[in-house]
Amino acid sequence: DPRFLKFKCPVFLGLTVSVSQLNRADKAILKKKVENHGGTYLADLQMDSTNMLICMSADGPKYTYAQKWKIPCVKPDWIFKSVDKGYALPIDKFKIDKTNKASSPIKDTSVDALADVSMC
């Protein structure tokens with residue numbers, strides 16, 4: 001109902017984020033997006049005040065400390081898609097951790113590997 005839109009909370013109200021593994025321009029875009037939608041951006045990861053780390057992969061010192069301090073780590077898409085929806089989306093589909101890192105299988109084209117194939 002349009003009458004209630006003026007009472008709607010900002011998407012990131014109460015959220016404090018830090019960003020890692022992105023270039024300066026991308027960090028600036030995320031900072032602006034978070035702050036324009038009610039959140040706080042911190043350049044440094046702070047154990048007592050950071051609620052979310054935005055990063056690209058499960059690597060680096062900020063990621064390591066975020067895991068140690070139980071701070072959730074999500075992909076940047078979480079910010080943009082949450083803003084598009086008008087509320088903070090559940091983080092499950094955007095979460096980054098060591099257990100969900102994907103790896104590509106390596107194709108073995110050696111003759112030894114082909115010898116195991118039956119032609120029956």
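Q21 lies in the loop between β1 and α1. In this predicted model, the phi angle of Q21 is near 70 degrees, a positive value in a residue other than glycine. Most residues other than glycine have a negative phi. Q21 is partly exposed, with a relative accessible area of 32%.

- The position of K70 is in the loop between α2 and β4, the strand of residues 73-74.
- K70 counts as exposed, because its relative accessibility of 72% is over the 50% cut-off.

**Overall architecture and confidence**

- Four helices and four strands make up the secondary structure of the chain.
- Read from the N terminus, the order of these elements is β-α-β-β-α-β-α-α.
- Of the 120 residues in the chain, 31% are buried.
- Among contacts between residues at least 6 apart in sequence, 57% join residues at least 24 apart.
- The average pLDDT of the chain is 86, and 82% of the residues score at least 70.
- Residues 102-120 form a stretch in which pLDDT stays under 50. For this stretch the model has one contact beyond four places in sequence.

**Packing of α1 and α3**

- Helix α1 spans residues 24-36 and helix α3 spans residues 77-85. The two helices pack at an angle of about 35 degrees, and their axes are 11 Å apart.
- The crossing in which α1 passes α3 is left-handed.
- On the α1 side, the contact is made by I29, L30, K33 and V34. On the α3 side, I79, F80 and V83 take part.
- The residues of this contact comprise six nonpolar, one charged and no polar.

**Nonpolar cores**

- The largest nonpolar core has 18 residues. Those with the most contacts inside this core are F12, V17, M52, I54, V74, W78 and I79.
- At least two residues of the core come from each of β1 (16-19), α1, β3 (52-54) and α3.
- Helix α3 gives the largest share of the core, with three residues.
- A second, separate core has nine residues, including L45, C55, A58 and I96.

**Strand β1: V17 and V19**

- Beyond its neighbours within four places in sequence, V17 is in contact with V34, T40, Y41, L42, T50, M52 and I54.
- V19 lies in strand β1.
- V19 is buried, because its relative accessible area of 1% is under the 20% cut-off.
- With neighbours within four places in sequence left aside, the contacts of V19 are K27, L30, Y41, L42, L53, I54 and K62.
- V19 and V74 are 55 residues apart along the chain, and their C-alpha atoms are separated by 9.7 Å.

**Helix α2: A66**

- A66 belongs to helix α2, which covers residues 61-68.
- The relative accessible area of A66 is 0%, so this residue is buried.
- Apart from residues up to four places away in sequence, A66 touches L45, L53, I71 and C73.
- Between the C-alpha atoms of A66 and Q46 the separation is 8.9 Å, although these residues are 20 residues apart along the chain.

- F94 is placed in the loop between α3 and α4, the latter being residues 111-115.
- Despite this loop position, F94 is buried, with a relative accessible area of 10%.
- Setting aside neighbours within four places in sequence, F94 is in contact with C73, V74, K75, D77, W78, K81 and L89.
- F94 and D77 are 17 residues apart in sequence, and the distance between their C-alpha atoms is 7.3 Å.

Notes:
Residues are numbered from 1 along each chain as its sequence is written. This is a predicted model: local features need pLDDT of at least 70, side-chain atom pairs count only at pLDDT 80 or more; totals for chains, interfaces and linings use all residues. Side-chain values use heavy atoms; hydrogens and water are left out. Axes are lines fitted to C-alpha atoms, for helices over the stretch in contact, and angles run from 0 to 180 degrees between N-to-C directions. A crossing is left-handed if the near helix is turned anticlockwise from the far one by less than a right angle, and right-handed if clockwise. Contact means heavy atoms within 4.5 Å. Ala, Val, Leu, Ile, Met, Phe, Trp, Tyr, Cys and Pro count as nonpolar, Asp, Glu, Lys and Arg as charged, and the others, Gly among them, as polar. pLDDT is the predictor's confidence in each residue, from 0 to 100. A nonpolar core is a set of buried Ala, Val, Leu, Ile, Met, Phe, Trp, Tyr and Cys residues joined through side-chain atoms within 4.5 Å. Buried means under 20% relative accessible area, exposed over 50%, partly exposed in between (1.4 Å probe, protein chains only).
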